[in-house]
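Q: I have a structure open and would like to go through parts of it. Can we take it piece by piece?

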Amino acid sequence: MKVVENLEKYAKETVVKSVFEIIDKNPEKNVDKIFSLIKALAKDDDSKEGIENVQSYYRDIPSVNEYVNDILKNTNKNCLKKFFTNFLANAIWSGVPKRAKWLEKEDTKVPFVLLISPSMRCNKRCVGCYAAEYDKTSGLSYEEVDRIVGQAHDLGIHFIIVLGGEPFFVDFMWKIYEKYSDIQFVPFTNGTLFTDEVADNMARLGNVMPMFSLEGFEKETDARRGAGTFNTVMKGMDLLNSRGVPFGVSSATARNNVETVTSDAFIDMLIEKGARMSWYFIYMPVGEKPNVDNMLTPEQRIELGRSTRRIRTTKPYFTIDFFNDAPYVGGCIAGKYYCHINSNGDVEPCIFAHISVDNIRNKDLIDVFRGSMFKELRQRQPYNKNMLRPCMMIDNPHVIREVAKASGAHPTDPSAAAMLNDVEFQHKLEKLANDFAPVADEAWQTDFNSKGNDAFAKG
């Protein structure tokens, strides 16, 4: 076994070295060679198919061709190498078989990505933020985060999203980023704490790719996040872009801004600023005083998905739609491909589903993944044959109640308590689900021919 491991390690190091040599010279002129080397890193059929699809998009779609070439030409070499090593070589080559062993051995699913909120401290109080209700004085210590990340690393997790609160309030995270240089970290930030020193640190480390929160242009962003926020974020983007540090954008969509954040004008502005991608989330009935009237209408929600897919094939830009991309990954990914550890150490299945059975402060990560809540979630997935209706809270609201009851999960914030116990709030969620169902069913047939990624459904 040791001989096989050494041979695989040598093969991986050889491929990585070859890619680094191309990156240091003329990467944009050797794209097909890079794709061939990346395919050599893929250890499973799904990864190989995904890489081949991206390569065909590169060859056939002009905007994707432009996107890939621009990344290779203008990204900081250190950041580019770190992304290639951590996301492709580590998360896929090394990580896939390491995580798969747990599934094969004991039917325990180790997720691809881990979300962690070290602290809920923040210099903003944004409307509708799920973090608003959390205790700002509590938080995970350096030693606790170090233990969590170390255990994740040993399980084959090399992609970690850092949330909060404001991640850049937590100074010790710089030590974590440096210690675990073979993990790709993605902090979601309000963008108000960026300085030359912060930007220089990111360029030096190479394994930190932030996502700036924007609800649109200045009007929409400042209305939710406070006056001056938009312009401060723009300055932060300029600091990173001037150093070639890759970054993206996170947009929470509500009725008042969904057309803005998917408009050509907004996307073109982000491309001009140097952003590489956008994550789209829909306003969820969680956090401080949730208001279901702020949520997208059924028609808006479906159009959001169509817009993000259009952007991916017409702009040199990448988009992820957290809800409407569910058919590609077999429905809901909570507890299957990702989970969240909050600032109290509670392990939650989703950043929006604030229920928990286990606390990381008194359990190892693998034992949490072995737990009842994760097993209950996986055996129910997909929650709906229509994968455009993936969510256990707003599309199939009975599921979160059933899972909590069967696993003994408790709510970790007031909005989750309402989902489990407040009959009036439950009726509001049921109405949301019923109103969305016919619109989603039509789109499921029209846009996806009623087919999703069934192979991914159970993880």
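Q: Where is A416 placed?
A: A416 is in helix α17, which covers residues 414-421. Helices here are DSSP runs of H or I with at least four residues, strands are runs of E with at least two, and both are numbered from the N terminus. This is a predicted model, where local features need pLDDT of at least 70, side-chain atom pairs count only at pLDDT 80 or more, and totals for chains, interfaces and linings use all residues. Residues are numbered from 1 along each chain as its sequence is written, and side-chain values use heavy atoms, with hydrogens and water left out.

Q: Is A416 buried or exposed?
A: A416 is buried, because its relative accessible area is 2%. Buried means under 20% relative accessible area, exposed means over 50%, and partly exposed is in between, with a 1.4 Å probe and protein chains only.

Q: What is A416 in contact with, leaving aside its neighbours within four places in sequence?
A: H354, I355 and P411. Contact means heavy atoms within 4.5 Å.

Q: And how far is A416 from F352?
A: They are 64 residues apart in sequence, and 8.8 Å apart in space, C-alpha to C-alpha.

Q: How does α17 pack with α18?
A: Helix α18 is residues 423-448, and α17 packs with it at an angle of about 85°, with the axes 6 Å apart. That makes α17 roughly perpendicular to α18. The axes are lines fitted to C-alpha atoms, for helices over the stretch in contact, and angles run from 0 to 180 degrees between N-to-C directions. Angles under 35 degrees count as roughly parallel, over 145 as roughly antiparallel, 65 to 115 as roughly perpendicular and the rest as oblique.

Q: Which residues make that contact?
A: From α17, S415, A418, M419, L420 and N421; from α18, V423, F425, Q426 and L429.

Q: What about α9 and α10, at what angle do they cross?
A: Roughly 110°, and their axes come within 7 Å. So α9 is roughly perpendicular to α10. E218, T221, D222 and R225 of α9 meet T229, F230 and N231 of α10.

Q: Switching to the sheet. What is the strand order?
A: The order is β7-β6-β5-β4-β3-β2-β1-β8-β9, in an open sheet of 9 strands with mixed pairing. The edge strands, β7 (318-321) and β9 (347-348), each pair on one side only. Two strands pair if DSSP finds at least two bridges between them.

Q: How do β5 and β6 pair?
A: In the parallel sense, over 5 bridges, with β5 at residues 248-253 and β6 at residues 277-282. V249 has S278 in β6 as its bridge partner. Helix α10 (residues 229-241) packs on the sheet and touches β4 and β5, and its direction makes about 165° with that of β4.

Q: Why is β3 called largely enclosed?
A: Because 6 of the 6 residues of β3 (residues 184-189) are buried, the strand is largely enclosed by the rest of the structure.

Q: Which way do they point?
A: Q184, V186 and F188 point one way, while F185, P187 and T189 point the other way. In a regular strand, side chains alternate between the two faces of the sheet. Strand β2 (residues 159-162) pairs with β3 in the parallel sense over 4 bridges, and I160 stands opposite F185.

Q: Now the rings. How many aromatic pairs are there?
A: The count comes to 25. Rings of Phe, Tyr and Trp (its six-membered ring) pair if their centres lie within 6.5 Å; planes under 30 degrees apart count as stacked, over 60 as edge-to-face and the rest as tilted. One of the pairs is F217 with F266, edge-to-face at 5.4 Å centre to centre and 90° between the planes. It links distant parts of the chain, with F217 in the loop between β4 (211-213) and α9 (218-225) and F266 in helix α12 (residues 264-273), 49 residues apart.

Q: Are those two buried or exposed?
A: F217 is partly exposed at 29% relative accessible area, whereas F266 is buried at 0%.

Q: Which residues form the aromatic cluster?
A: F168, W174, Y177, F185, F194, F212 and F247 form one cluster.
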